[in-house]
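The following note sets out points for a colleague who has the model open. Please read each point alongside the coordinates.

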Amino acid sequence: MRDDTPVVLPSPAVYVPFVSGRYDVSPSLRGLGADFGNGAVDRQAFQFDRQFPAYRENKLRCRTERLSKYVLEAPGGSPLLAAEGARWMAGDLAEEHPALFSLIPEVDGWTLHCRLTGEDLRFTADGCLATEVRTGVQYASAWDALGCQVQEDLALVAVAPDGADSLAALHVCAPSSWRPEEKLGLSFGAVHAPVPGIEPTARAAPRLNRSIVSGKPFVRFVWGIAAAARLNRHPDPFSGQPLPDSGRAFDPKADPPFWLRVERQVLVPLPGAGGYLFLIRLYCYPGTEVRTRPGWAPGIRSALAAMTDAQLDYKGLTESRDALMEWLASID
């Protein structure tokens, strides 16, 4: 019997990688479940909060604009990896969030019911989307359907026995100034080539990939500064929206004067399929929170001071770094 009582979601979690006072691009992997001050939420691969409607609306709008701009699967792909990813997602959602998801086994597959969207998604035994019930959304694939039930963006990474990797699929509707279409099929090194200082990590990628596939889930964080809380910062914006790069500068007269854009990235091994699932959950915190959050202002200042010219340029902070540091110093 379905539970039709209203769903009450919690406030978003808070992650503050910037308070370390360092800025680097090393992997900095921690085991999923490490304590970051958010209680049981830190142990969850997928996180749901009261901002779910905004994330869902953004994903549906992206799909309406042009599906292949945000949701992609490599030609030929890896059917085994895609099926294993779908099975793991459905099982994890039902296990971690039983109040939100129900997984119903069937003779030739399974059905996933999502209370937040009201959708019943039926999958075949090999992880393909079979039919949809109670939804007006015409999903293109299992990958597409599952990606629209969660707040996270998704990627599937195929890993060869020697550690070589390639992006097998993407469901990314909140990119931070990059084009998903340009990354499909690329290796870690090629995907991250524009990132200043990434070379040591890129050289170690085969070893890291092997440890990810054979290990337990990991979590890591990246962060940046933007002038708007807009989820989708694709370089080619929706019609009528300004270019995202024009909104990356700090503006002391704005309210808030900037936003902290934090990505919580979870890496889930799929050893039986030779790859892993990569989850990207975006959090946006208004810069005015530094007034009441101990350690935020000095941590950001220290990190900004440590950035190289190339890193400042990559982050879009070359022109605003000094003014931002001055503003932060005024409230220390």
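How many aromatic pairs does the count come to? The answer is given in point 2, after some remarks on the model.

1. Basis and overall form. This is a predicted model, in which local features need pLDDT of at least 70, side-chain atom pairs count only at pLDDT 80 or more, and totals for chains, interfaces and linings use all residues. Residues are numbered from 1 along each chain as its sequence is written, and side-chain values use heavy atoms, with hydrogens and water left out. The chain has nine helices and eleven strands; these are DSSP runs, numbered from the N terminus, with helices being H or I of at least four residues and strands E of at least two. A compact globule of 332 residues would have a radius of gyration near 20 Å, and the chain agrees with its 20 Å. That radius is taken over C-alpha atoms, and the globule rule is 2.2 Å times the number of residues to the power 0.38. Along the principal axes, the C-alpha atoms fill a box of roughly 65 × 50 × 40 Å. Of the 332 residues, 51% count as buried, where buried means under 20% relative accessible area, exposed over 50%, and partly exposed in between (1.4 Å probe, protein chains only). Residues 24 or more positions apart account for 65% of the contacts with a separation of 6 or more; contact means heavy atoms within 4.5 Å.

2. Aromatic pairs. Rings of Phe, Tyr and Trp (its six-membered ring) pair if their centres lie within 6.5 Å; planes under 30 degrees apart count as stacked, over 60 as edge-to-face and the rest as tilted. By this rule the count is 16 aromatic pairs. One of them is Phe36 with Phe221: the ring centres are 5.0 Å apart and the planes stand at 80°, so the pair is edge-to-face. This pair links distant parts of the chain, 185 residues apart, with Phe36 in the loop between β1 (30-31) and α1 (52-66) and Phe221 in strand β9. Phe36 is partly exposed at a relative accessible area of 28%, whereas Phe221 is buried at 18%.

3. Tyr285 and Trp296 form a tilted aromatic pair, with 6.1 Å from centre to centre and 55° between the planes. Tyr285 belongs to strand β11 (residues 275-286) and Trp296 to helix α7, eleven residues apart. Tyr285 is buried, with a relative accessible area of 5%, and Trp296 is buried at 3%. Ring pairs link Tyr15, Phe18, Tyr23, Phe36, Phe221, Trp223, Tyr283, Tyr285 and Trp296 into a cluster.

4. Arg281 over two rings. The charged end of Arg281 sits over the ring of Tyr283, 4.1 Å from its centre, and over the ring of Tyr55, 4.7 Å from its centre. The criterion requires NZ of Lys or CZ of Arg within 6 Å of the ring centre and within 35 degrees of the ring normal.

5. Helix α9. Which residues of α9 are buried? In this helix (residues 321-329) they are Arg321, Leu324, Met325, Trp327 and Leu328. They lie on the same side of α9 because they cover an arc of only 160° around the axis, the arc being that of the directions from the helix axis to the C-beta atoms. On the other side of α9, Asp322 and Glu326 are exposed. The buried residues of α9 pack against β9 (218-226), α7 (296-306) and α8 (309-314).

6. The loop between β9 and β10. Leaving out residues up to four places away in sequence, Pro257 touches Phe250, Asp251, Pro252, Thr288 and Trp327. Pro256 is also placed in this loop, and a cis peptide bond with omega of about 0° joins Asp255 to Pro256.

7. Asp120, in strand β5 (residues 119-124), is buried at 7% relative accessibility. A polar contact of 3.1 Å joins the side chains of Asp120 and His113; such a contact is a pair of N or O atoms within 3.5 Å, and within protein one must be able to donate a hydrogen and the other to accept it, with residues adjacent in sequence counting only if both atoms are side-chain atoms. Ser28, in the segment before β1, has a positive phi of about 50° although it is not a glycine. Ser177 likewise is not a glycine and has a positive phi of about 65°.
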